[in-house]
Amino acid sequence: TPADIGVTGLAVMGRNLARNLARSGYSVAVHNRTPARTRALVEEFGGEGAFRPAESAKDFVASLKRPRRLITMVKAGEATDAVIAEFAPLLDEGDVIVDGGNAHFADTRRRERELRERGIHFVGAGISGGEEGALHGPSIMPGGSAEAYDSLGPMLESIAAKAADGSPCTTHVGTDGAGHFVKMVHNGIEYADMQLIGEAYHLLRDVAGYSPGQIAEVFRTWNGGRLDSYLMEVSAEVLAHTDAETGAPFVDVVADRAEQKGTGRWTVQTALELGVPVSGIAEAVFARSLSGHTSLRAAGAGLPGPRAEAMDTDAAGRFADQVEQALYASKLVSYAQGWHMLRAGAEEYGWNLDLGAIAAIWRGGCIIRAAFLDRIRSAYAADPGLETLLADADFAAEIGRAQGDWRAVAATALRHGVPAPGFSAALAYYDGLRADRLPAALTQAQRDFFGAHTYRRVDRDGVFHTLWGGDRTQERAD
Ligand code: 2AM
């Protein structure tokens, strides 16, 4: 009997996804450019379900039930195009290719368009959760046509993570590249979350004087509350870990240079093009970048500045509580920025994104999974047209209660010379939204002065220019 679905590209993500499908009761054709990987999969895990190994692309395609469904799990970029070029000629109208790799959404849009012209459905699916997620249940963000989702949905829903309420962490996100766009924003938010947790750690270490083990305890406590999240849990685990070789806290033996594969950078690049201020994500990308500039940091190492002063135990405890407020408020801002970007992407690319559903499918499986996402889901359920998450009544009240401590923490960071770009940028964004008047009035006036870029007035319609070099009379420019 033919296989329900095929997976090509059997490195660890592809292998685990194929196993997940097989364990869920589907018969799975498996294929890899180098057949040794296919054989290894069947040898090691063949007992887990119905695998149909194929050595050639032709045999692989021939072993699939029609309309055929195949998932490619190869490296993003040229490999994906190579696989499409190899398989598309073997497929028929109505067949579906799913790209489960980390493709840039613009590539996915191009591939979808090209394959659509040939009658083939192309589904760019963001898959988050790493190796473990792929095997036990990832969060899956499929784009592509609604018709393709009709055929794939039940399978994706059965292999996806389940949220606490039992619902699967996948949904048809939107057409063409919507899935990979949403995955990209997910990763950007992940960068911001990690940066904010890093800043909280840094402040607790250098200002409160806590040891990594003590900070692990603080994080565990926070993880029991509104900051309950996978990343909080991971951070506590890492901080509690001791290096086996030296006996030192593990975090102290890791070189303080954070690398990046590029999805955070994509998020910021795209946000710049869309004109969406995602300052939290941008600061996170820049903070990683700064950490990696070794010679630059060496050049700056002797610059004057304060050293953190020790706090007594009571003050440290109070400060830790304030840091929790600052972390929560900053996190809320970076999610508000991320959701703004989702809205802007939907508008630009014509996707009908369900903003609450995106929060819902991030509740399980993915790296940013958190209790908090259920509240975002509720906020959009209550008001699908919500302009910003910060305008939701509950979130607004919460950030209002947090803002005093948030400011105190940001001020302490500045005073002690501990860099906290995420906390500060989030606060600046919050105050920017709150402001009655922004200095943008001066900026626009400057632009009119040196470049005749014109301005609008607060008191009447129209576009104006002032003759700065002349008698400074105002003329209409529209
Ligand atoms: P390989 O085992 O034959 O190298 C991650 O690198 C996965 O992508 C592997 O399964 C790898 O296959 C596959 N891959 C990389 N480049 C590819 C290409 N150009 N065509 C097909 N598969 C490719």
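This is a predicted model: local features need pLDDT of at least 70, side-chain atom pairs count only at pLDDT 80 or more; totals for chains, interfaces and linings use all residues.
Contact here means heavy atoms within 4.5 Å. On the H8 side, the residues involved are Glu190, Asp193, Met194, Ile197 and Tyr201, and they meet Leu231, Met232, Ser235 and Leu239 of H10. Sorted by class, the contact has six nonpolar residues, two charged ones and one polar one.

As for the geometry, two packed helices are described by the angle between their axes and the distance between those axes. H8 spans residues 178-206 and H10 spans residues 230-240; they pack at about 45°, and their axes are 11 Å apart. That angle makes H8 oblique to H10, and the crossing is right-handed.

Now for the sheet. Seven strands make up an open sheet with mixed pairing, and they line up in the order S3-S2-S1-S4-S5-S6-S7. The edges belong to S3 (51-53) and S7 (139-142); each has a single partner strand, so one side of each has no neighbour in the sheet. On average, neighbouring strands are turned by 25° against each other, direction ignored.

Within that order sits the pair S1 and S4. Strands of a sheet pair through backbone hydrogen bonds, either parallel or antiparallel. S1 (residues 5-8) and S4 (residues 69-72) run parallel and are joined by three bridges; in one of them, Val7 has Ile71 in S4 as its bridge partner.

Further along, the sheet picks up a helix: H5 (residues 105-117) lies across S5 (96-99) and S6 (121-128). H5 runs at about 155° to S6.

Methods. Residues are numbered from 1 along each chain as its sequence is written. Side-chain values use heavy atoms; hydrogens and water are left out. Axes are lines fitted to C-alpha atoms, for helices over the stretch in contact, and angles run from 0 to 180 degrees between N-to-C directions. Helices (H or I, at least four residues) and strands (E, at least two) are DSSP runs, numbered from the N terminus. Angles under 35 degrees count as roughly parallel, over 145 as roughly antiparallel, 65 to 115 as roughly perpendicular and the rest as oblique. A crossing is left-handed if the near helix is turned anticlockwise from the far one by less than a right angle, and right-handed if clockwise. Ala, Val, Leu, Ile, Met, Phe, Trp, Tyr, Cys and Pro count as nonpolar, Asp, Glu, Lys and Arg as charged, and the others, Gly among them, as polar. Two strands pair if DSSP finds at least two bridges between them.
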